[in-house]
Amino acid sequence: MREIVEVAVGLPVFKTFHYRIPEKMRGSLQIGMRVLVPFKGRKVTGFAIDLLDHPPKGVEEKLLEVEDLLDEVPLIDPQMLRFCRWISNYYLYPLGEVVKTGLPPGLQLKSELILSLTQDGMECLAKGGLESIQEKILNNIAKYGKVPLKKIIKIFPGEVLRSQLFSWEKKGLIHIEAEVEDKEVKPKFEKVVQYRGGEPAKPLSKKQIEILKWVEEKREVFYSELSKRFKSPSKAVQSLKAAGLIAVLDREVIRDLSGRPELKSYPKPELTSYQEAILREIMKGIHSKRFSPFLIHGVTGSGKTEIYLRAIEEVLNQGREAIVLVPEISLTPQLLSRFKGRFGENLSLLHSGLGRGERYDQWRRIWKGEVKIALGARSAIFAPFKKVGIIVVDEEHEPSYKQEEKLKYHARDLAVVRAKQDEATLLLGSATPSLESFYNAEKGKFRLLRLPERIGGKPLPQVEVVDMKREGGMLSEKIKAALKKNIEDKKQSLLFLNRRGYANFILCPDCGLTFKCPNCSVTLTYHLRDHSLQCHYCDYRIPAPGDCPQCQGHRLQGVGIGTERLEKDISNLFPEARMGRMDRDTTSRRRSHQQILKRLESGNIDILVGTQMIVKGHDFPNVTFVGVISADTSLHFPDFRSSERTFQLLTQVAGRAGRGEVLGEVVIQTYNPDHYSILKAKDHDFIGFYQEESQFRKALDYPPFSRLINFRLIGNSEKRTKAAAEELGKMGRALLQRRYRKGIEILGPSAAPFAKMKGKFRWQMLVKGKTSQLLHQFAQELALLFEGQTRGRGINLDIDVDPVFIL
Ligand SMILES: [Zn+2]
Ligand SMILES: [Zn+2]
């Protein structure tokens, strides 16, 4: 029997700890269970991550003992634990906290073993001739239907052992299943009435006959339905139950999911020859049951979703499971309804809009193996499946796969790791693959599969670039003409502007005053609807002043436009057009997003104005024109990925045009008409963009040609944050000299691009490494050294690993 357990405590502590297992727990404590352990004078929950015969060398002889065992069944299986360990090492994040990330948040989970009688068990009991104690216990289990193992042992103290119960399971008398329960959120049950059959011993009343007949027809009905159909049926139901003609049971129901898309039937389409060729390759990977990573580079509208669906079908046929990641579930209603149409209820949806109970229900359905597909935003990568056969990452280039708080993982990178550990097939799909994924494909780490054509041979839209230096105002003649024509032709148009609000900021032309957020280093945006100035980072808001508070001038004016202003200007220009707007201000209510899309789909919007929300994969055949108001917004963002992001946004938004019979048209307005991001997007030339951007990254030694970790220091005091950053810099350079001669480079420390955010001051230090191994080793060493230095100074060290992951 193993005597020592290694525990990851659920606290922000890097190290794991060892405890002695008390005699009574030996044999029942398994890896993946939670334990209560003494920790610095407190009792804390931890996860058992390894069992050992002896304490490891260097660990004190006198180990503390585990206080309590909190699970009867491991919550996390060894595979998931291995995954979490990898994450903890790679992202330099405490293992206990990583494990917690994979569980439903804020829940008080409890795992148990549940007993019930099998058919054989019932027959044995009916026949009689069992030992008296066995009969007594089986009868007791039968009485409850389902009962926790613990409870049976409590009812019959000393008369039955766990091992006996397990031996009865082996004999097929009882069934033992693992169950996970929440102390606060309970599974939801509803009463159902089930038909049992047989002849009534006594004559039945008219009402009883009617009810019985109805239940017989349906075999099983919800009691709530029954009571809607028959007036006060409870007495009749009681007597039917007493006569053994029906049974009344509690049946678990899954809480309804928010935003459930309407079920639409999508007939299984014929495959194009390109799709067929690609699927053949993917099937080889699936059948090999080995890690098989693919990057599908398919232009917008080329039919990637159908490939995902067929590959998943094949994996399910093998008896394995599927994880599907999408950037943001509410933004992909069409994809969702196609999955629902194909797989029905065998699908669990995981997204940020779920309430606590809903989230717990979904997690539990996966954990118990009741569904085989988990579809969701980034956190679905933690879905507790045990036999993952395929992981799909749709729109793999999307920045929203990166979690920016706490554990800063990138879900696409984790998909690679999990698929590799589980020997699964990996499908990354995009019309504009990320530079790092394409680089991986170039290096032969991913198989590259291409879908160069739109379904039905529809051509890609024609894109025109307008130099705004030669135009007056914010709308070029080109866009105005195109909108006018589309209104006349009863076609729909999209206008993309990645900035919400009315004016970008407010300026006093007399004294030059602008309004800054007191918490963040950004200017406040003017919103017309409530006449306010708002910060889009921390939600600070004040009423907009009438006159300049500094010089009392009357000429305050808005500079730069946002979607609110654009909508207003367009509707002044085309009063006959029906307008719609989609941005964070118009979609804050639940389902408002779907409502806007529905209006667009049913032809009730002529012109839809929106932020990047309109970029996502919707397929509206009547949208024939897309206008990009300013391609420059993302181009000037202080980030080395800004060119890549611009190219992706432009290509994706342009891809919305011309999905139907009519050729699509796109106009891009910019002050940088010669920038390669814009020119390559105009030509739908991903490869050309990739080559040019690669040269730039290579020249500056940026990812994917190097690896990057950002050490960010965040504190309440500007002075102390800066001092800590300088100290970190010194420490890093000293470590560099001592231990790492080559292959590591330190940039900074310096104030972060947004030096103040939500009231906190931010400094950063970038560390570049030639190889991931070297960089992570250095970062780990530095983090541990520095952790001791900052304790109690109100400064947080935030480590952010750049999402360049190369196998
Ligand atoms: Zn002024
Ligand atoms: Zn702010």
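1. The site of the zinc ion (ligand 1) is tetrahedral, with angles of 105 to 112° among its four donor atoms. The ideal angle for four tetrahedral donors is 109.5 degrees. The model is predicted: local features need pLDDT of at least 70, and side-chain atom pairs count only at pLDDT 80 or more, while totals for chains, interfaces and linings use all residues. Residues are numbered from 1 along each chain as its sequence is written, ligands are numbered from 1 and chains lettered from A in the order in which they are written, and side-chain values use heavy atoms, with hydrogens and water left out.

2. Which residues hold the zinc ion (ligand 1)? C508, C511, C548 and C551 coordinate the zinc ion, each through SG, at 2.2 to 2.4 Å. Donors here are N, O and S atoms within 2.8 Å of the metal (3.2 Å for Na, K and Ca); water is not among the atoms, so sites may look incomplete. Along the chain the donors of the zinc ion follow the spacing C-x2-C-x36-C-x2-C.

3. C548 is buried, at 1% relative accessible area. C551 is partly exposed, at 32%. Buried means under 20% relative accessible area, exposed over 50%, and partly exposed in between (1.4 Å probe, protein chains only).

4. How many salt bridges does the whole structure have? A search finds 49. Each is a side-chain nitrogen of Lys or Arg within 4 Å of a carboxyl oxygen of Asp or Glu.

5. One salt bridge sits within a helix. K100 pairs with E97, with the closest N and O atoms 3.6 Å apart. Both lie in helix 2 (residues 95-101), three residues apart, about one turn of the helix. Helices (H or I, at least four residues) and strands (E, at least two) are DSSP runs, numbered from the N terminus. K100 is partly exposed at 41%, whereas E97 is buried at 18%.

6. E306 and R338 meet in a salt bridge at 3.0 Å, N to O. E306 lies in helix 11 (residues 304-317) and R338 in helix 12 (residues 333-343), so the pair ties together parts that are 32 residues apart in sequence. E306 is buried at 2%; R338 is partly exposed at 21%.

7. K478 and E464 form another salt bridge, their closest N and O atoms being 2.8 Å apart. K478 lies in helix 16 (residues 477-488) and E464 in strand 19 (residues 462-467), so this pair ties together parts that are 14 residues apart in sequence.

8. Salt bridges also link up into a network. Its members include E396, R412, D413 and D802.

Notes: Tetrahedral: all angles 85-135°; square planar, octahedral: opposite > 155°, others 65-115°.
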